[in-house]
Amino acid sequence: MNMKKYRFGVLGAGSMGKTIAAGAVRAGLFRKDEVLLFNRSEEKRAANAAEGYAVTGDFTEVYTESDMVLLSVKPQNFAEVLPVLAGCKCEKPLVLSIAAGISFAKIENALGADTPIIRAMPNTPLMLGVGATQLVKNAAANEEQLTEVRGLFDAMGVTTVFEREDMINEAIPYAGSAPAYIYAYADAMVQSAKKHGIDEKDALQMFCQTMIGAAKMLMQGDKTPAELIRAVCSPGGTTSSSAGTRCGSPARRAGSRPPPRSWTARCWSGPRPTASTCSTSTGRTAWCTCTSVSTARSPRRNCRWPNM
């Protein structure tokens, strides 16, 4: 067995790739000189070298000289990278991919089914050490390798391990994409507060602290979300009487109420659907789901438009 020069290599040391490497170093999993970073930019390579990392302008070196290789190039670049890596003559490293939409089959078709691969879906709060990451391994990866990768991401937040690859995609709306939904909701709340005479900075601070506090109450686990809702919604109180709030039923039914318009606008990137392509619900505030609209360029889960 050939000895590899580096314990961890990053093929594409952009924001997320560099964050994962730095988090692993902070957690004591690797030393900086045990981490090899690839970046096409000579300026960025120089900056990384100044920090103490090993650097290279040849991405095949990352693959051939690292025990574990993080593939953190953009998904559209895999078609360029994988065929080149397939031609490398070396002991196969553990491949860690954070590319959404790039399946085991696509990587295995290029590198071989005997290549140990773990797919990871971190979200952007990982950059602050408070991420939520989902993992799944292929048949060639063993439990020891999975445990090692889980330890890496546990050092930067919380980690969920799935048995099936398709569950990675199912989890995207609840972790990978969820920060964008929260930011859009925060923006809608702040804009509403401004209309009521509240300073934008004060409104954002209040709402952010409220989100932090509410998240901590949820994570205590001694009360369900429905119980926490009821604790806020006193009968006849301001929360239960405010427009657009449902406080009586423990069945909250995710997506049963429309999100703020600014949220809706941000989570839908395709054209507005027509009435004929959208199945409407009944009631005074009828809304229709746009997930299956054929005219949409990029349908999103649970995006809703006012009934037409």
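This is a predicted model: local features need pLDDT of at least 70, side-chain atom pairs count only at pLDDT 80 or more; totals for chains, interfaces and linings use all residues.
Residues are numbered from 1 along each chain as its sequence is written, and side-chain values use heavy atoms, with hydrogens and water left out.

Helices (H or I, at least four residues) and strands (E, at least two) are DSSP runs numbered from the N terminus, and two strands are taken to pair if DSSP finds at least two bridges between them. On this basis, the model contains an open sheet of eight strands in the order β3-β2-β1-β4-β5-β6-β7-β8, with mixed pairing. The edges are formed by β3 (54–56) and β8 (157–161), each of which has a single partner strand, so that one side of each lacks a neighbour in the sheet. From one strand to the next the twist averages 25 degrees, where axes are lines fitted to C-alpha atoms, for helices over the stretch in contact, and angles run from 0 to 180 degrees between N-to-C directions.

Strand β1 (residues 6–11) is mostly covered, five of its six residues being buried; here buried means under 20% relative accessible area, exposed over 50%, and partly exposed in between (1.4 Å probe, protein chains only). Strand β1 pairs in the parallel sense with β4 (residues 66–71) over five bridges, and Tyr6 has Ser66 of β4 as its bridge partner. A parallel pairing over four bridges also links β1 to β2 (residues 35–38), with Val10 bridged to Leu37 of β2. Between β1 and β2 the chain passes through helix α1 (residues 15–26), in a β-α-β crossover that is right-handed; the term applies if, with the strands pointing away from the viewer, the path from the first strand over the helix to the second runs clockwise.

Within helix α1 lies Thr19, which counts as buried because its relative accessibility is 14%. A polar atom of the Thr19 side chain lies 2.7 Å from the backbone oxygen of Ser15. Apart from neighbours within four places in sequence, Thr19 is in contact (heavy atoms within 4.5 Å) with Gly14, Leu126, Met127 and Met156.

Strand β6 (117–121) has five of its five residues buried. Three bridges join β6 to β5 in the parallel sense, with Ser97 standing opposite Arg119, and the two strands form a right-handed β-α-β unit together with α5.

Strand β7 (residues 131–137) runs parallel to β8, to which it is joined by five bridges, and Thr133 has Thr159 of β8 as its bridge partner. Helix α5 (residues 104–111) packs on the sheet, where it touches β5 (94–97), β6 and β7, and its direction makes about 145 degrees with that of β6. Helix α6 (residues 143–154) lies across β1, β4, β5, β6, β7 and β8, running at about 150 degrees to β8.

Lys137, found in β7, is partly exposed, with a relative accessible area of 23%. Beyond its neighbours within four places in sequence, Lys137 is in contact with Phe104, Ile117, Ile118, Asn142, Glu143 and Leu146. A polar atom of the Lys137 side chain lies 2.8 Å from the backbone oxygen of Ala141, while the C-alpha atoms of Lys137 and Pro116, 21 residues apart in sequence, are 7.8 Å apart.

Helix α9 (residues 200–220) has 21 residues and reaches 30 Å from its first C-alpha to its last, close to the 30 Å expected at 1.5 Å a residue, the expected span being 1.5 Å times one less than the number of residues. At its N-terminal end α9 is capped by Asp199, a side-chain oxygen of which lies 3.0 Å from the backbone nitrogen of Lys201, and the helix is followed by Gly221, whose phi is positive, near 80 degrees. Cys208 lies in α9 and is partly exposed, at a relative accessible area of 30%.

Notes:
A polar contact is a pair of N or O atoms within 3.5 Å; within protein, one must be able to donate a hydrogen and the other to accept it, and residues adjacent in sequence count only if both atoms are side-chain atoms.
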